[in-house]
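Dear colleague,

I am handing over the structure below, together with some notes on what was found in it. Please keep it open beside you as you read.

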Amino acid sequence: MLLRRSPATRPRWRPLWRPLSDPPSNPLSDPPSVPPSDPPGRARRRLMTLAIETSCDDTSVAIVEKGVRDGRTVARLHFHKTVTSNNHAFQGVHPLLALKSHQENLAALVADAIAHLPDHGGARRLPDVVAATRGPGMRSSLMCGLDTAKGLAVAWQQKPLVGVHHMQAHALTPRLVAALDAYAAPLDDGPGALAPAFPVLSVLASGGHTMLLASASLTAHTLLGSTADVAVGECLDKAARAILPAEAMRGAKSTMYGALLEAFAFPAAPPEAFASPAAPPEAFAFPAAPPEAFALPAAPAGLTAAQYLHAHGAAHGWYAPPANNEAAIARSRTRWGWSIAPPLLTTGGGAKINGLAMSFSGLTTAVERLVRFPTDPETGKLGSRERSADEFPVEERRDMALAVQRAAFEHIASRVVRGLAVMAGKEQPAPAVVMAGGVASNAFLRHLLAATLVHHGHGHVPLFFPPPEYCTDNAAMIAWTAMDMFDAGYRDTLGIRAVRKWPLDQLLNPQYHDKI
């Protein structure tokens with residue numbers, strides 16, 4: 001159970017291994033209850049946490065400190081390392097192999113992190129909070145990290161424990177990045193400004209989740225829409241395994257095949273080009289965005305959709321959003337005869353056509369069929385004879401890699417536009433859009449989303465895209481979220497368990513679905 005902590009009960013940090021003068025309280029007892037929100041104007045002191053992330057196949061440990069500088073919340077990263085299990089032989093995450101990697105690497109990472117704790121008076125300063133991912137994820141992997149965090153909390157003089165929701169951490173990652181970017185030594189105590197400010201429209205896209213959230217506060221996240229079948233990351237991974245040539249798959253250094261699919265589809269655009277503002281302002285036209293949308297933001301705000309296109313649009317400047325569903329379907333036809341259109345565009349989608357629900361399994365099925373059988377360029381019909389790898393030329397593979405990404409990302413972007421319409425009736429001005437999760441590192445997705453927002457008159461909406469290294473699973477986002485929750489008055493007992501499935505609307509009261 002997630003419990004509220006009284007500000008008066010917040011323990012002061014002590015140097016490492018310094019004995020307590022008072023006996024520890026019962027670690028399983030409930031702390032005193034407090035009002036549902038912190039008192040206005042309460043001064044927050046600097047916090048530091050050691051956090052562990054083991055929800056899937058990444059073993060990650062981080063030490064993050066949070067404070068204030070010149071009225072802004074800032075963060076300092078003292079340590080951050082990740083080890084990813086080698087699942088290449090299985091072309092996907094193998095739960096037992098992931099668990100084995102956690103067991104072999106987590107203790108060494110924690111030892112390395114402890115060596116990086118800052119010095120204070122000749123001794124190591126202990127973290128104020130110990131945190132670990134509690135869920136959702138693979139239960140055995142989660143337990144490995146969570147139980148390690150419990151042990152550290154007990155050994156370090158009963159330090160507070162916070163079990164973090166993995167998807168909440170992804171949604172808050174842009175706030176961590178903004179704080180890291182604003183870092184300047186030294187850190188001060190007290191409240192500070194932070195971007196993006198709530199409310200925000202959160203888009204979480206990864207290999208296990210694809211969801212659209214109306215995030216009203218740190219703990220209030222309303223699910224607007226999610227995938228009814230597979231996540232977009234899983235869809236792209238499967239598409240990559242079907243489309244990519246065998247030599248590309250053999251040379252893969254990880255099972256993040258979606259990233260390989262992007263690189264294969266855009267070979268002429270190196271990763272550094274995606275972040276290069278090489279195009280002159282006149283290279284793009286933004287008829288739907290007001291002139292003020294192009295003014296540089298005052299820190300710590302994010303770039304608007306129009307500003308993002310201005311600065312980062314060179315690599316994918318050829319892309320233009322479809323005018324309507326019919327145009328999207330018509331232009332999906334390729335020179336090879338086949339077409340891959342965004343899901344839920346036709347009447348077969350029923351009420352979902354104009355809703356916020358998403359679906360990606362159809363894209364995976366379409367790709368697998370198109371790879372297996374040749375298409376008649378004249379009629380667009382699939383043949384009945386299976387084709388060999390030699391009959392699937394590289395040019396067609398590249399076109400298919402681009403087509404499936406465009407279909408998937410236009411599907412997501414259409415839901416973002418509708419999500420903004422839903423929130424527009426409740427909040428003014430329009431909320432910022434946060435894109436997080438592993439798929440958010442895709443530069444084409446970022447460009448397509450910005451272009452779609454500008455096309456629909458939302459060029460003024462701020463966009464927050466974390467750097468690629470913070471899009472994938474990492475302990476830094478867990479540390480940040482734990483400090484936010486702890487600073488807001490929340491902590492967990494030592495009796496908490498890992499939660500394999502944990503909807504965000506049950507953030508403060510997760511339900512176990514175990515049979516025992």
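Within strand S11, Gly225 is the bridge partner of Leu212. The model is a predicted one, and the notes that follow should be read with that in mind. Leu212 lies on one side of S10 together with Thr210 and Ala214, while Met211, Leu213 and Ser215 lie on the other, and all of these residues are buried, which leaves both faces of the strand covered. Because six of the six residues of S10 (residues 210-215) are buried, the strand is largely enclosed by the rest of the structure.

S10 and S11 (residues 221-226) run antiparallel and are joined by five bridges, and a hairpin of five residues leads from S10 to S11. S10 also pairs with S9 (residues 200-205), again in the antiparallel sense, over six bridges. In that pairing Ala205 stands opposite Thr210, and the hairpin that joins S9 to S10 has four residues.

**His78**

Is His78 buried or exposed? It counts as buried, because its relative accessibility is 19% and the cut-off for buried is under 20%. The side chain of His78 makes a polar contact with the side chain of Glu65, at 2.8 Å. Leaving aside residues up to four places away in sequence, His78 touches Met48, Ile63, Glu65, His116 and Pro118.

With best wishes

Notes: Residues are numbered from 1 along each chain as its sequence is written. This is a predicted model: local features need pLDDT of at least 70, side-chain atom pairs count only at pLDDT 80 or more; totals for chains, interfaces and linings use all residues. Side-chain values use heavy atoms; hydrogens and water are left out. Buried means under 20% relative accessible area, exposed over 50%, partly exposed in between (1.4 Å probe, protein chains only). A polar contact is a pair of N or O atoms within 3.5 Å; within protein, one must be able to donate a hydrogen and the other to accept it, and residues adjacent in sequence count only if both atoms are side-chain atoms. Contact means heavy atoms within 4.5 Å. Helices (H or I, at least four residues) and strands (E, at least two) are DSSP runs, numbered from the N terminus. Two strands pair if DSSP finds at least two bridges between them.
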